[in-house]
Amino acid sequence: MTKTGAEVLITALEKNGADLIFGYPGGAILPVYECMGKSSINHILTRNEQAAVHAASGYARISGKVGVAMATSGPGATNMVTGIATAYMDSIPLVLITGQVSTDMIGTDAFQEVDITGITQPIVKHSYLVNNPDEIADIVDEAFHIAGTGRKGPVLIDIPKNIATGKSKGQSRGYIDLPGYQPTTKGHPNQIKSAVRLINEAKRPLIHSGGGVISANAMSEVQALAEMINAPVVNTLMGIGSIDSDHRLSLGMPGLHGNPGANYAMSECDLLITIGARFDDRLTGELSRFAAHGKIIHIDIDPAEIGKNVRPKIPIVGDVTLILQQILSLLEPKKNPEWLEQVKEWKTLWPPKIKSKKLTASMIFNALNEAMKGEAIVTTDVGQHQMFTAQFLKVKSGRCFLTSGGLGTMGYGLPAAIGAKFAAPDKTVIAVTGDGSFQMNLPEMATIIDQNMDVKILLFNNHCLGLVRQLEHFYCEKAYYAVDLPGNPDFMQIAKAYGFAAYRIENPDACKEVMCHALSHQGPALIECILDKEDMVFPMVLNGASLEEMVMEEEI
């Protein structure tokens with residue numbers, strides 16, 4: 001019995017566990033949508049194709065599954081590009097399906113034709129332009145395997161319309177045949193032994209935990225390692241959730257806007273154990289002076305990251321969970337009392353004891369932390385509010401924090417929250433955003449209403465692009481240009497128009513009461529917090545400075 005290519009595609013998606021797809025239809029992908037409407041797959045209609053990819057990303061990051069997004073050809077496909085690049089930079093497993101003009105029209109500048117496989121080549125793990133309906137089943141199997149193994153990431157499948165309507169036997173090989181793709185999972189035994197030796201010798205060990213820890217579900221192994229050798233833990237932005245914020249060994253996030261203790265620990269440790277992180281420029285400060293007193297063990301699934309920015313003493317390629325288990329089986333407990341006493345002193349530096357009669361980010365997060373008790377899933381957009389969240393949010397260990405780290409994509413937070421809510425419907429989901437970022441994908445409020453979702457939006461409104469303004473303060477001699485947002489709408493009225501409950505916080509006295517009331521509301525709600533545009537994110541490591549040379553708020 002023959003099937004259409006579209007029918008084979010839908011069957012293959014179901015077989016690979018794709019029970020939820022975020023997308024936006026159009027002419028070239030219509031045959032697939034027709035078949036999907038008769039299937040068991042739940043399709044979520046977002047209001048923009050970029051948002052569909054971000055939502056699939058949020059779903060993947062919370063569920064641990066491969067997320068799926070779909071769009072039509074031309075502008076539908078190009079609207080996905082920012083979402084694909086976001087997922088690629090943050091190693092999120094996605095399968096993206098795009099419609100394409102018929103094969104006989106490719107290269108003719110046909111209506112809504114674009115070479116999406118060419119456009120996305122630098123930002124996907126792999127891509128397929130399907131030329132035969134009989135290839136579809138195997139391609140889908142391969143795409144899910146590639147996206148969800150090794151260093152995870154997005155895979156694109158571009159399906160011409162005549163391939164979707166063409167006839168196929170609908171059979172797959174039944175196995176994955178990719179001889180050129182064999183990710184390393186187990187660490188080399190000699191490297192493991194060398195790492196254990198360095199750890200045993202260290203007097204000031206520090207664990208540096210990245211997004212790879214979350215991706216590999218290695219949170220318990222990281223905590224076990226920290227407790228066995230009494231080493232403090234710093235986490236990257238993507239590594240938030242790798243250890244409980246209130247754990248005695250947690251020092252929070254280091255880097256450009258890192259906690260002071262985390263930055264000092266990075267600078268003073270004699271051994272840095274980096275797990276599933278990539279030494280990006282937001283973390284290291286002046287590279288020549290990064291971790292100047294410490295030897296480095298770098299554990300990562302991707303060999304391309306080893307030595308790319310920082311040369312380690314001991315490189316170990318493989319799955320971080322398996323490698324940590326190997327290391328733990330060989331280690332002996334350590335106490336490091338002098339180092340822990342220093343870390344305890346550094347912890348008193350954060351959060352800062354700054355009094356203010358104005359509403360501040362720390363006040364907002366004090367109220368939020370008290371109201372949610374660490375049990376919520378929090379997503380963010382990009383800007384000052386993102387850094388404030390990373391600094392002040394209290395989280396439990398696990399998949400609980402979603403943000404755009406590598407690409408820094410404004411507009412990520414709200415659609416990611418939608419995907420997260422589908423992955424964890426019983427969890428409170430809060431999207432933290434700024435007035436600039438919020439307006440990038442604001443129409444996804446309609447998706448929330450359409451799907452009857454209980455998602456809360458915490459909006460930081462300072463009527464400007466706050467982080468860009470802060471950069472102009474330090475690097476452009478306060479020549480503020482193109483950063484104010486005087487045309488902002490009344491967000492309370494916007495919320496009510498979409499059917500959200502609307503709350504506003506303007507002063508410290510009302511902060512806790514309004515936050516608790518808003519979070520306890522059954523249904524979607526917007527909480528707008530009015531902040532002064534002069535407020536900035538501190539600490540801040542300026543260009544050319546090392547981590548310990550960070551500028552503190554009291555110095556300004």
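The legends below describe close-up views of a predicted model. Local features need pLDDT of at least 70, side-chain atom pairs count only at pLDDT 80 or more, and totals for chains, interfaces and linings use all residues. Residues are numbered from 1 along each chain as its sequence is written, and side-chain values use heavy atoms, with hydrogens and water left out.

View 1. Helices (H or I, at least four residues) and strands (E, at least two) are DSSP runs, numbered from the N terminus.

**View 2. The ends of H22**. At its start, a side-chain oxygen of Asp490 comes to within 3.0 Å of the backbone nitrogen of Met492. Gly499 follows H22 and has a positive phi, near 100°.

**View 3. The aromatic pair Phe474 and Phe538**. The structure holds 11 aromatic pairs (ring centres of Phe, Tyr or the six-membered ring of Trp within 6.5 Å). Phe474 and Phe538 are edge-to-face (planes over 60 degrees apart), at 6.3 Å centre to centre and 75° between the planes. Phe474 lies in helix H21 (residues 466–475) and Phe538 in the segment after E20, so the pair ties together parts that are 64 residues apart in sequence.

Methods. Polar contact = N/O pair within 3.5 Å; in protein donor to acceptor, adjacent residues only side chain to side chain. Phe/Tyr/Trp six-rings, centres within 6.5 Å; stacked < 30°, edge-to-face > 60°.
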